[in-house]
Amino acid sequence: AAAPTSTGRDELLLLGGNAALSGRPEDEARLAERPLRAGRFSHGPEEYEHPKAAVFRLFGNLDDIFDQIWNATVPREMQLGDERRWVSHHMIAMRDGAKLSTIVIRPTLKEGERRPALLSRSPYGPTSDEIAALFTASNGYVAVIQDQRGTFLSQGKFSMWQNDGADGTDTMAWIAAQPWSDGSVFSAGISADGCGAFTQMIEAPKQLRGQFLMLASANAHETIFPGGAFRQGLVEGWMTSMSLFTRGKSLTHTLPDIMRHEALSSWYDTVEIDAYLKQVAWPTVHLTAWWDIFVGHQMRAFDGLRAESHPDVRDEHVIFVGPYGHCELGNLLSRPHVSYNEAKAWVNSFGYAMELFRGEHGSFRQKARRVNFFVQGLYEPDGLKVDAATFGRP
């Protein structure tokens, strides 16, 4: 509901700014009464700028520098470690002409032999793209590793997943046209990679056969503005950490764009999957954790898929819930017994996804249930749980 007309700008900010969207002249007039306070934002005419954005403005356009580095250092194709795997680089054109930097890791194939592909699209470069390489080693798949738009050496502007659905579709079409492809693509992603992978459900590419979604959100607006309040620490912290990967665009362009779109609107149409669950006709494997930063959003997506996706796959969606998720980074050594169960969630979800993608019903799929979770509670100093087994399987 809109805030009362007597509410001032500072109070509007605390309420989430909804009154600014009411269209009432008195609300708009009150918004314009006071200048912005440092570090805050509104729907007024002023532009938000993060203090560190000025650093990148000093360097001007960094895109040309990154292009020169790539062209000077990366060969077109080379052996990867041994004769069984090859790596090649491609600049794949998207529908709007932007070219995205893509690495293909493929096993040595016999003449005419074709394989499935595992697609991993990331804003972090090689950090999380090791997932795709691991699937290549484990399954004999072709790994396709792509820098998300506007990150590292890909062209275009970083926009926090708004182009990821379309870019994923275009990349899968390119994959299916390659001589080594059998036409089937699986996708995987952790954290920001997984958020982008969720948006592939919007266009539902015909090549997509399954997804492994880890510690990710499928609801951008609620992630940024939970309950209408700006999640400042998470969003500004992430945009700052992404600034080097995006040539500064995460601070100079993406963050101000987010600030201009506090209210749920059509701006979020390409980063919200709720309206598209019915067209999901492939199985998904989810990994989250009770204390993960995206746990509520991922559980909501899983629940929606179980209820609304294509009837043929509703019973094929599986979720694993560990204890920590992103928070494991700060607790690895302090609580080793909990970290052990975090590792169990990762191992079991990864093993399940591998068997699912291969069409096998091995030990991981046999022992797992639709919902698999770590049981929280009191622990003795030796790490043993007081009252129950530590991993539940309803």
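A crossing of two helices is left-handed if the near helix is turned anticlockwise from the far one by less than a right angle, and right-handed if clockwise. In this structure, α10 passes α11 in a right-handed crossing. The model is predicted: local features need pLDDT of at least 70, side-chain atom pairs count only at pLDDT 80 or more, and totals for chains, interfaces and linings use all residues. Residues are numbered from 1 along each chain as its sequence is written, and side-chain values use heavy atoms, with hydrogens and water left out.

**Helices α10 and α11**

- Helices (H or I, at least four residues) and strands (E, at least two) are DSSP runs, numbered from the N terminus.
- Helix α10 covers residues 232–241 and packs against α11 at an angle of about 155°, with the two axes 9 Å apart; axes are lines fitted to C-alpha atoms, for helices over the stretch in contact, and angles run from 0 to 180 degrees between N-to-C directions.
- The two helices are therefore roughly antiparallel, a term for angles over 145 degrees, while those under 35 count as roughly parallel, 65 to 115 as roughly perpendicular and the rest as oblique.
- V235, E236, M239 and T240 of α10 make the contact with S250, L251, T254, L255, I258 and M259 of α11, where contact means heavy atoms within 4.5 Å.
- Helix α11 (residues 249–259) is mostly covered, with nine of its eleven residues buried; buried means under 20% relative accessible area, exposed over 50% and partly exposed in between (1.4 Å probe, protein chains only).
- Among the buried residues of α11 are K249, T252 and P256.

**Nonpolar cores**

- A nonpolar core is a set of buried Ala, Val, Leu, Ile, Met, Phe, Trp, Tyr and Cys residues joined through side-chain atoms within 4.5 Å.
- The largest one has 48 residues, and W238 and M239 have the most contacts inside it.
- Beyond its neighbours within four places in sequence, W238 contacts Y124, F158, M160, W161 and A192.
- Another core lies apart from the largest one and has 20 residues, including F212, M214, L215 and V318.

- Strand β6 runs parallel to β4 (residues 115–122), joined by four bridges, and parallel to β7 (residues 208–214), joined by six; strands pair if DSSP finds at least two bridges between them.
- A117 has V185 of β6 as its bridge partner, and I190 stands opposite M214 in β7.
- F186 lies in β6 (residues 181–190) and counts as buried because its relative accessibility is 7%.
- The C-alpha atoms of F186 and A117 are separated by 6.2 Å, although the residues are 69 apart along the chain.
- Not counting residues up to four places away in sequence, F186 touches residues including Y141, L208 and F357.
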